[in-house]
Amino acid sequence: MSECHWCLSPSIEVLCGAVIAPWIQGEHESKVASQERLSEYCRCNGCGLHFFSKRFTESQLGMMYSHYRDEKYQKRRQRFEPWYTKKVNFGIGNSQETIALRKANLLKLVNLAVMNGTIAPPMSIVDWGGDQGQFIPDFQHAPKKMVYEISNVKPMIGIGQVASIQEIEAVKPDFIMICHVLEHDHHARETIKTITELIPENGTLYVEVPDDQISITPKRHTSVWWQFFILNHRLLFIVLDAYSLFSLRILKKRLPLQILKQSEHVNFFNRDSIVVVLKSFGFELIDESRYSTDRKTSKFEMQALGLLVKKIKPRN
């Protein structure tokens, strides 16, 4: 990889090797010693983004998103991640506590900006990748509330659905929210470019991502033979994966035999990495927030980072 796919900086540093989560592989691929099963965890020294270098194949994307978080997905994933139970799977996007927290956080940011005269009250809202639209706050005087969702899930009552960029253009949104989407997106910059072209001057964009950059990584050089050996022995993989998650994320220590797993999240943003790219597309930072989501979908408290920005000029 010659440049950062987010800010286009050529200053890329490989922090360590990584493996593709086995549950993402098809049954016929899971025993093959293919480079498609290996990745690298990198840092962009230009913007600060951390990311996995390997782009998922169409087959791997299909394994993840064709029946996203249905029963088959949950069982396949739990086979390699025993902690990914039905309760955890259902709680993602359905926890009433999390929904309320996310809606309240955004509503507070927007209301304050409207009161200050920084932005206009939202009138036509599109939630990009917003599932059923359950995270759209109860904005007053917003007659149009739409969700753009590729999984074809049925939106909630009172929420419309747009299925293409052309349909979004017809809606003429003055407020687009993209929450917990960019961390999944290998083409995040292209997504922001498209959104920029859809938002009018003085329109508003809200970006929210997990605040979960990996600060401690395994040692940089790991034997490829050892990586394939781990991947081909399910119980060993489960043990080392759990051990690595605990020691890296909780203890924040670099210990022997740790592995790093590339799963659904391929991008790990911080505040500066988002701001620098949004500014390059003509946005101005209005407000920001960090808040904790509930613990019902995880044993550990999760943090979210939200940035409210306003389009002030066309892209250079």
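1. Aromatic pairs come to twelve in this predicted model, counting rings of Phe, Tyr and Trp (its six-membered ring) whose centres lie within 6.5 Å. Planes under 30 degrees apart count as stacked, over 60 as edge-to-face and the rest as tilted. Residues are numbered from 1 along each chain as its sequence is written. As the model is predicted, local features need pLDDT of at least 70 and side-chain atom pairs pLDDT 80 or more, while totals for chains, interfaces and linings use all residues, and side-chain values use heavy atoms, without hydrogens and water.

2. Helices (H or I, at least four residues) and strands (E, at least two) are DSSP runs, numbered from the N terminus. Both Trp 6 and Phe 269 are buried (under 20% relative accessible area, with exposed over 50% and partly exposed in between; 1.4 Å probe, protein chains only).

3. Trp 225 and Phe 229 make a stacked pair, because their ring centres are 5.3 Å apart and their planes at 20°. The two are about one helical turn apart, because they sit four residues from each other in helix α7 (residues 224-231). Trp 225 counts as exposed at 59% relative accessibility, and Phe 229 as partly exposed at 31%.

4. Do have a look at the aromatic cluster formed by Trp 23, Tyr 65, Tyr 68, Tyr 73 and Tyr 84.
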